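Thank you all for coming; I would like to take a few minutes to walk through one model with you. Please have a look at the sequence and the structure first.

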Amino acid sequence: MTTLRIQVINPNTSLAMTQTIGEAARMVASAGTEILSVCPSHGVPSIEGHFDEAIGAMGVLEQVTLGERAGVDGHIIACFGDPGLLAARELATGPVVGIAEAAMHMATLLATRFSIVTTLPRTVIIARHLLRQYGFEQHCQAVHAIDLPVLSLEDGTGFAQQKVRERCIQAKAQDNCGAIVLGCGGMANLARELSHELGIPVIDGVSAAVKMVEALLGLGLGTSKHGDLAKPNPKPLTGPYAIFNDPSVM
Ligand code: 5HY
């Protein structure tokens, strides 16, 4: 049995959240799938807006480059903004899946309408931009925020997790949605219990993305190298970007 190696990239530099994401990915990975959970060597401790996303995206590209060099089969971007997704696909040969798009795709297979529960109000617009970009606007009933910072999910108090639970219960009651999408990589370990309690599919993008990358690899499919996702035109990058002057990605 061939071993698949899937790299799960947490674009922020929180080691605690990288561990939460890695554990959730390993929970659902098939026998024979090796999960490598990584985060950038430097960057932003949590992604809570457009600026943070830009920094996080560079960390994603750094890790995709290192993963391609190490010969991994596929990549997952484990932040609900899917930062750097298309640029990462240019660098990669295997599949690259973002947790937001994975969860949204999966939700529409299970319900005609879903709602999203994310962290801060200021990141709601990022989810809305992705809904439009991916063509899921008409499937999404509402986007809710628990109004707590991303790293509150890692503070060990359980307060943020309780807020997520309350928001999901409220969303099911108010939105008449058939499914709920959890809008943060740090919520990956909450889906199964909430699905059970609420009696509707509650989907975390990390698990959804692992199963999608496995499915794509199982079909022998990788990122198309014809057209806009072809490898970037080689040119000498300077300074911190010299890492990309690498034949395995250029
Ligand atoms: C995430 N930020 O999944 C997003 C969540 C958000 O650091 N990991 C982050 O609220 O956008």
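Predicted model: local features only at pLDDT ≥ 70, side-chain atom pairs only at ≥ 80, totals over all residues.

Residues are numbered from 1 along each chain as its sequence is written, and side-chain values use heavy atoms, with hydrogens and water left out.

The protein chain contains 8 helices and 8 strands, where helices (H or I, at least four residues) and strands (E, at least two) are DSSP runs numbered from the N terminus. Its radius of gyration is 17 Å, close to the 18 Å that the globule rule gives for 250 residues, so the chain is as compact as a globular protein of that length; the radius is taken over C-alpha atoms, and the rule is 2.2 Å times the number of residues to the power 0.38. Along its principal axes, the C-alpha trace spans about 55 × 35 × 35 Å.

Of the 250 residues, 54% count as buried, meaning under 20% relative accessible area, with exposed being over 50% and partly exposed in between (1.4 Å probe, protein chains only).

Turning to the domains, the chain is divided into domain 1 (4-98 + 208-249) and domain 2 (100-205), with bounds that come from an automatic or database domain assignment. The contact between them takes 27 residues from domain 1 and 33 residues from domain 2, contact here meaning heavy atoms within 4.5 Å. The C-alpha centres of the two domains lie 22 Å apart.

Now to the individual residues: is Gln7 buried or exposed? Gln7 is found in strand β1 (residues 4-9), and at 5% relative accessibility Gln7 counts as buried. Leaving aside neighbours within four places in sequence, Gln7 is in contact with several residues, among them Leu36, Val38, Gln63, Val64 and His75.

The other residue, Ile146, lies in the loop between β6 (140-145) and α6 (159-175), and because its relative accessibility is 7%, Ile146 counts as buried. Beyond its neighbours within four places in sequence, Ile146 is in contact with Val117, Thr118, Thr119, Ala160, Lys163, Val164, Arg167 and Met187. Ile146 and Pro45 are 101 residues apart in sequence, and 19 Å apart in space, C-alpha to C-alpha.
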